[in-house]
Structures are given as structure tokens and as C-alpha cells.
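Visitor: I would like to go through this model term by term. Please set each value against its cut-off.

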Amino acid sequence: MRVIGVTGGVGAGKSTVLQYMENTWHARLILADQVGHEVMEPGKEAYGEILKVFGRGILQKDGSVDRGILGGIVFADKEKLEKLNAIVHPAVKKEILRRIGQARQEGEDCVVVEAALFLEEKYDAFCDETWYIYTNEDERRRRLKASRGYTDRRIDQMIGRQKSHEEFLSRCAYVIDNNGTAEHTFCQIDKRMKQ
């Protein structure tokens, strides 16, 4: 079984690559953001610890974490954000590793792991190779405005927090240029998968 990591800047088109990998190459997808939501659910890995640190005031009526309230707290206070990350990130990594193991037992050929903080959290350590989805900044900005309605200020903040192009290049085994058509991107994926 091959474990492929997928990373790249915001707006680079990672979702397009993931969808193609799932539909065409029958890869099992593991999305760290989705896993992050799941480990915060009642009874799951991070839930109890989050309640200990942030209190019951962050809960909705059904007992689940109100992500809006929690987000408001942590994004206004760097120390609290670090506390939340110290709880959630290890739980996410543990669950991703569990799912990779499960896929291996079930005889999967390919698992693709995607995470916003892929390199920061060193997810490349448990992947056979990491793909960098490269799209130039102008194109990423255009896409983010068109698809998500983001302002220039919001895009500046998001891009400013991410790794540089050079850092992605230095840590990733394969670059997929996603500046052209979808077909051009898919051809690069097919070529790499056949290799």
C-alpha cells in the first residue's frame, strides 16, 4: 500500500486532486481537517481535554463543541490557541495513523492524506511520498475570491501564515503544477501513479 501526502497553499486546488485520486485511482482519502472535527465530538479523543481547558460554556445544547464559540476564544488569544492545538493535533495524528493501519489491513492499494498544516505537523514522516500542489499566487487569489468570496486582506493573512514555495519544494518529492487545465493536472497525476 502506498501512502501519499498532499499539500500546498490555500487555493492551490488540493480538493480537485483529492477528488481525482478517489474517483480515478480509488484512493482512500484521509482529510486531517475532517478528522479534527471528529476527534472533538462527545466521547472522542480530544473532547474531554477540551472541556477541562475551556469549560462547558463552549458546548451546544446537544453537548457537542460549538466551533464558532471555541474559534472566537482561541483566535483572540494565542496562548489558548496553542493549548487547543496541543490537544487536537496529537489526537488527529493518532487517528490518521489508526486509519492508515486499518486501510492496510483491509488491503487498500493507496491512501492519500491531506492536511492544512501537513509539513508543520510533520505528516510527511509517515507518508511514502509527499506531493506539492503548486499554483501561482495570482491564480490562487483569483480562485479564492471566485469560489469563497474572500477579500484581499483575508487572503493576505492566510497566505502569510503558510509555508513558502521554496519550503514546499524542499520537503516534497513530487510537484503537480495546477496552473493550467484540469486535464493537464490529471495527466501529471496519472504519470506519477503509473511510475
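Visitor: Why is H26 called exposed?

Guide: Exposed means over 50% relative accessible area, buried under 20%, and partly exposed in between, with a 1.4 Å probe and protein chains only. H26 has a relative accessible area of 60%, so H26 is exposed. H26 is found in the loop between α1 (14-25) and β2. Helices (H or I, at least four residues) and strands (E, at least two) are DSSP runs, numbered from the N terminus.

Visitor: What should I know about the source?

Guide: This is a predicted model: local features need pLDDT of at least 70, side-chain atom pairs count only at pLDDT 80 or more, and totals for chains, interfaces and linings use all residues. Residues are numbered from 1 along each chain as its sequence is written, and side-chain values use heavy atoms, with hydrogens and water left out.

Visitor: What makes the phi of H26 worth a remark?

Guide: Phi of H26 is near 55°, a positive value in a residue other than glycine. Most residues other than glycine have a negative phi. K122 also has a positive phi, near 60°.

Visitor: Why is K122 called exposed?

Guide: K122 has a relative accessible area of 54%. The cut-off is over 50%, so K122 is exposed. The place of K122 is in the loop between β3 and β4.

Visitor: Why is T7 called buried?

Guide: T7 has a relative accessible area of 1%, which is under 20%, so T7 is buried. T7 lies in strand β1. Contact means heavy atoms within 4.5 Å. Leaving aside neighbours within four places in sequence, T7 is in contact with residues including W131, Y132 and F168.

Visitor: Why is R141 called buried?

Guide: R141 has a relative accessible area of 17%, again under 20%, so R141 is buried. R141 sits in helix α6. Not counting residues up to four places away in sequence, R141 touches D152, I155, D156 and I159.

Visitor: How do you know that the span of α5 agrees with its length?

Guide: The expected span is 1.5 Å times one less than the number of residues. Helix α5 (residues 78-105) has 28 residues, so it should span 40 Å; its end C-alpha atoms are 40 Å apart, which agrees.

Visitor: Where is the kink in α5 centred?

Guide: The kink is centred on N85 and is about 25°. The bend at a residue is the angle between axes fitted to the seven residues ending there and the seven starting there.

Visitor: What do the buried residues of α5 pack against?

Guide: They pack against β1 (2-7), β2 (28-31), α2 (32-39), α3 (47-54), α4 (67-74) and β3 (110-114). Among these buried residues are L84, H89 and E95.

Visitor: Which elements each supply at least two residues of the lining of the second largest pocket?

Guide: They are β4 (129-134), α6 (137-148) and α8 (165-171). The largest share, three residues, comes from β4.
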